[in-house]
Amino acid sequence: MRGWQRRYWGERSKAERVELQSVVTWNATIWLFPLSWMLPPITAGGLQRHPGALALGVLLIAVGLLQCLVACRLVRPALDHYLGRSELPARAHRVAALLLALALALLVTLVALGRLGGPTSRMVLGAVLVSFGMTYALTVPLAVFLRRSAALSALLVVVLLLAHPSGLGATATALAAAFATAFTLLAARCGAWTLAVLWEAERGREIQARLAVAEERLRFGRDLHDVLGRNLSVISLKSELAVQLARRGRPEAVAQMIEVQRIAQESQREVRAVVRGYRAADLGAELAGAQGVLEAAGIGCEVRAEPAGLPAEVQSALGWVVREATTNVLRHGDARRCAVELEVREGVVVLTVENDGVRAAATSTSGGSGLAGLRERLAAVGGTLAADVAGEDRFRLVAEVPLPEEAPRSDEAPRKAREVSDVTS
């Protein structure tokens, strides 16, 4: 059971679990009514004393069970049609409609022969209509379903009234048909509508996760633009000036090209710093941004952190950890809660990110370049990264970065600068 749960339940998203539960419920409902409303009344009735009526009753039960089989095969295609995943063939309900017509004909015959009582016949009628309506309600517009249900109900009232004249029986027939229509709408149509809304929210969440990744890429692009934009403009101007000076035979052209070479080398160093993530990042801003993005995606996020006072290089490294961890929570698993904690333990800064709703397929930490890139960035400042499953559905990422012994912290840098300025003055 535990292996089945991981394979068929644990690896599914929240929307997939709700859909699986709905499909199982619909299949069970299709079998429930014939087995409870058709089988006991017919088998326990007085048909045994009349061989012809008994044969018709057995045939009616067989047709009802065939209805269930056909309807169960149509549940998934009808749901996919309703959700817009695939088109249902135009004649998909032909066999189900023929079985419905045959079951109703047998029911009318038994009522006309007087072998099936009033309450029993209406229970059988409701079971037959529910078995057909559970899938038919998903494949036609609501107005069409209501019109056809009303027409069929009126026809059944007239036919059963002719077979067995009774004002009370006509009322019971109308009530049984109305119950079958209302039940199929509530059980099938409303459930499918709820699934459609849930899948729409799931697609919105995936789009939001992709937007978060795109925003990170835009931020990276802005960093590169800030680094290269000014330097490339200066290089272009100075190289153009060097060309003009060289054409005039002026010795200053050499100095200009030396300056161009220096700016180009400086640009290379700055680009490497951006790519490797060595530029200073505000850890507080990263934590606030991560909390905002997760809560906007419907994931409760609790942040317990005081990043003020940490060295700039430590904040930069841990800022990248927060970015990558937030992206993983959004894109992988099915998290409902996420907790971020930052604390200092004996000269080591420890950042812990833990979330629930982890799928079995997404718990592997060996593949992918995200965690590998984080380990490289943390290794540059002497830090380590550990990521593993914590419990059945929880995932924990722990980053540890040692504090520099002699490096001034970010809040102490202005004070140190003032002290140096006072001494020099």
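**Sheet notes**

I began with β4 and β5, which run antiparallel and are joined by six bridges. I took strands as DSSP E runs of at least two residues and helices as H or I runs of at least four, numbered from the N terminus. Two strands count as paired if DSSP finds at least two bridges between them.

The model is predicted: local features need pLDDT of at least 70, side-chain atom pairs count only at pLDDT 80 or more, and totals for chains, interfaces and linings use all residues. Residues are numbered from 1 along each chain as its sequence is written, and side-chain values use heavy atoms, with hydrogens and water left out.

A386 has V398 in β5 as its bridge partner.

On β3 (residues 348–355), I found antiparallel pairing with β5 (residues 395–402) over eight bridges. T352 stands opposite V398 in β5, and V349 has V401 in β5 as its bridge partner.

I then read the whole sheet, which is open, with five strands in the order β1-β2-β3-β5-β4 and mixed pairing. β1 (300–304) and β4 (384–389) are the edge strands, each pairing on one side only. The twist averages 10° from one strand to the next.

**Helix notes**

I used fitted C-alpha lines as axes, for helices over the stretch in contact, with angles from 0 to 180 degrees between N-to-C directions. Contact means heavy atoms within 4.5 Å. Helix α10 (residues 312–331) lies across β2 (337–345), β3 and β5, at about 10° to β3. Helix α11 (residues 370–380) lies across β4 and β5, at about 150° to β4.
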